[in-house]
Amino acid sequence: MKIRLKTRFEKTLRITSDLMLYCHHHDATNLTSHITEENGTIRYEITASPVCLDEHKLDELRKRLDAPRQREMECDFWELMGESQDFSELTLVGMLCDESDVSYENSVLTITLLRYD
């Protein structure tokens with residue numbers, strides 16, 4: 001049980017870290033993260049500002065985070081995270097989560113991910 005909890009906590013930190021790095025890479029200087037767990041669902045919410053995204057980058061972000069969850073491959077994805085210097089690992093983040101929502105208004109980017117047990 002302890003190993004499972006440690007791994008889940010490490011995944012939570014890694015997912016949050018990758019999202020915050022993405023925001024920082026897009027000029028965010030004000031970043032907040034809010035992580036909650038209730039009834040077997042982990043909710044990640046990252047808010048960043050000011051963020052400079054054009055429509056193409058916003059669409060790419062949404063597409064990467066909307067990748068279908070791949071539970072059977074999760075251990076492999078976990079090992080791959082952090083291997084890349086570009087932001088292709090956001091697809092891996094998407095594959096670790098069940099739902100995603102990305103909003104961008106007035107240079108404020110909000111990313112919400114849900115991960116079900």
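**Confidence.** The model is predicted. Mean pLDDT for the protein is 85. Of its residues, 81% reach 70 or more. Confidence is highest in strand β3 and lowest in helix α3, as the table shows.

| Element | Residues | Mean pLDDT |
|---|---|---|
| strand β3 | residues 99-105 | 97 |
| helix α3 | residues 74-80 | 61 |

Where pLDDT is low, the predicted coordinates should not be read in detail.

**Elements.** The protein has 4 helices and 4 strands. Read from the N terminus, their order is α-β-β-α-α-α-β-β.

Strand β1 covers residues 30-38, and strand β2 covers residues 41-49. These two strands run antiparallel. They are joined by 9 bridges. Where does L31 find its bridge partner in β2? The partner is A48.

Among contacts with a separation of 6 or more, 67% come from residues 24 or more positions apart. The protein has 117 residues, and 37% of them are buried. Its accessible surface comes to about 7100 Å². Carbon and sulfur atoms account for 51% of that surface.

Terms used
Residues numbered from 1 in each chain as written. Predicted model: local features only at pLDDT ≥ 70, side-chain atom pairs only at ≥ 80, totals over all residues. Heavy atoms only, no water. pLDDT = per-residue confidence, 0-100. Pairing = 2+ DSSP bridges. Buried < 20%, exposed > 50% of the residue type's maximum accessible area, 1.4 Å probe, protein only. Contact = heavy atoms within 4.5 Å. Areas by Shrake-Rupley, 256 points an atom, 1.4 Å probe, with all protein chains shown as cover.
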